[in-house]
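Q: I'm new to this one and would like a close look at a single part of it. Could you walk me through it slowly?

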Amino acid sequence: MSPVHGSPEGPVPAPSGTRIGPWTIGELLGSGAWGSVYEARDDDDGCAVALKLLPDPVLAERRIELAEVVHRELDLAARPTLPGCVEVRAVLRADADEPPLRGAYALVMERARASVADLLATAEPGHPVDGAAELLASLWDGLRALHASGWVHGDLKPGNVLVFDDGRVLMADLGLAGELKGTHAYAPAPVSLDYVGPEWWSERVGVEGVVLRPARDLWAFGVLAHQVLSGGRFCFDGQDATARSRAAQECAAGAAPLRLDPAVPAGWAEVLQRLLTPSEDDRLRARDEVDRSIAALRRREVPGPTRRRGVAAVAAGLAVVVAGGAAALTLSDAGGSGPGAASAPPAAAVLAGDLRAGTAVPHDLRGDITAAARGCEDAAVTPALLAAILEVQSGFDAAASDERRGEYGVALWTPSIFDQWAVDHDGGGASVFSPSDSIYALVQYLCAKATVVSDVPGDRGLLLAAAFLTSADRVVAAGGVPPDARARVERIAAARDQLGVSRRPGGTAER
Ligand SMILES: Nc1ncnc2c1ncn2[C@@H]1O[C@H](COP(=O)(O)OP(=O)(O)OP(=O)(O)O)[C@@H](O)[C@H]1O
């Protein structure tokens with residue numbers, strides 16, 4: 001929906017000092033298409049609240065949609081608070097003679113510290129918002145609870161997600177929410193184009209409105225999460241919401257791959273791929289998997305700027321190479337490649353899983369293999385694992401091709417899958433035949449799948465290799481390496497042992 005700003009204060013301007021019930025209006029907190037939100041203070045105790053002013057729906061009779069949205073929001077305000085949503089403590093009617101305040105309703109809410117839109121307005125593009133994983137995990141929990149209660153939000157977007165001082169993250173603005181009757185609800189037709197999935201375009205508007213399914217919220221969560229994880233960037237390119245929405249439709253139709261911003265950490269990239277899928281059914285089926293991934297990502301969030309070592313670091317290529325003859329480093333000091341590592345290891349450090357000198361790994365691939373692996377914070381993704389996969393897949397042949405399977409390049413990527421993880425690392429356009437692009441894309445993939453296979457028992461490096469050869473879903477379903485991949489995974493295991501520095505008894509790495 002395109003915001004209708006009748007004035008800088010939005011649809012229901014109210015001068016500072018205006019009194020509504022016991023509240024005196026102060027600064028404008030924000031405004032949207034249907035309402036204006038002000039801070040207000042209780043005359044008796046001075047406590048601050050947020051007052052959302054909605055116009056008299058009768059005065060809005062010529063704008064049927066506005067009247068419908070206002071009625072819905074008032075109706076929901078009168079009911080018990082929905083899970084994951086901000087409480088409306090009271091509803092009042094303004095006592096004014098003239099529009100726009102005449103007949104206007106005031107919804108009294110707890111005042112939030114900020115909306116996610118406010119956080120994005122001051123975020124640094126290319127970097128996750130501080131505490132991104134915790135924020136998104138809390139929102140995801142709230143959304144899951146809302147759906148479980150039989151409701152769909154219908155208008156999930158940064159302006160409608162509120163963050164409170166005590167860390168709570170709650171959804172607001174229920175004017176487009178709908179109660180499920182079976183698989184779907186109905187809602188008024190207007191939407192925020194940036195946050196609706198491609199299915200919206202083929203929905204018909206009936207007397208009850210358009211069909212609204214929980215899948216709409218899942219898509220919106222994916223778009224919003226991408227913004228939170230990349231400092232405000234949209235995952236679909238375009239100058240305005242209409243152009244971005246067109247890009248989303250093209251992506252859904254298979255005309256363009258989904259390209260996530262390099263700032264999105266690998267584990268989250270996996271989550272977003274599952275949610276930004278064109279099929280509503282696929283989105284719904286992905287929910288339990290996304291639950292598990294988000295829970296793991298929430299646990300992994302480490303405060304401070306150094307946690308930003310996911311895909312961004314991989315894409316940038318950490319300039320760390322193994323120095324010949326370097327002294328062994330105790331593994332307890334070598335946490336730089338482990339989950340939640342606080343800092344990159346020094347350039348001269350040799351870690352378990354680094355490449356052994358004098359093995360068959362070609363010299364011109366060593367730098368990329370080592371730097372790419374160190375860009376992933378999961379300890380199982382080592383240079384030796386990467387080298388072993390490349391050796392077993394292609395024998396380190398950058399021009400390799402398996403026409404029967406449709407797999408190409410040094411890692412034997414299937415091009416359509418490579419497109420989802422592609423990194424143009426050498427600047428020549430992402431290509432499966434560029435060893436550098438293939439290796440960095442391989443790390444993107446392995447690093448992202450680490451959360452998916454985290455509950456599967458076994459050697460995580462080999463489970464990830466199996467995921468690359470088959471799929472992470474197959475590894476999870478099999479509870480280990482799927483039978484048809486076992487032979488190749490055994491060869492990868494042997495090559496990994498042979499190519500990599502191993503762990504010495506006593507906790508040091510041995511070259
Ligand atoms: N309880 C609150 N505490 C603090 N700020 C709030 C609160 N509720 C809303 N806001 C701010 O007011 C802004 C406007 O909210 P409102 O619900 O009117 O519109 P919107 O959701 O941004 O847009 P639209 O109504 O067009 O969907 C929000 O973006 C948010 O920044």
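Predicted model: local features only at pLDDT ≥ 70, side-chain atom pairs only at ≥ 80, totals over all residues.

Let's look at the strands themselves. S3 covers residues 36-42, and S4 covers 48-54. They run antiparallel, joined by 6 bridges.

Now turn to S2, residues 23-31. S2 and S3 also run antiparallel, with 6 bridges between them, and they form a hairpin with 4 residues between the strands. Here Thr24 stands opposite Arg41 in S3.

Lys52 is worth a stop. It counts as buried because it has 26 C-beta neighbours inside 10 Å, and 20 or more is enough for that label. Leaving out residues up to four places away in sequence, Lys52 touches Gly35, Val37, Leu107 and Met109. The UniProt record, an unreviewed entry, has a "binding site" annotation that covers Lys52.

Of the 25 residues around it, Gly30, Gly32, Ala50, Ser115 and Gly159 come nearest. Strands S2 and S4, along with helix H2 (116-121), each give two or more residues to this shell, and S2 gives the most, with 3. By class, the shell has 13 nonpolar, 7 polar and 5 charged residues. Domain 1 (2-111) and domain 2 (116-305) each supply at least three of the shell's residues.

Definitions and conventions:
Residues numbered from 1 in each chain as written. Near = placed C-beta within 6 Å. Nonpolar A, V, L, I, M, F, W, Y, C, P; charged D, E, K, R; others polar. Domains from an automatic or database assignment. UniProt positions renumbered as here; feature names shortened; annotations may be inferred. Buried ≥ 20, exposed ≤ 12 C-beta atoms within 10 Å, placed from the backbone. Contact = placed C-beta atoms within 7 Å. Pairing = 2+ DSSP bridges.
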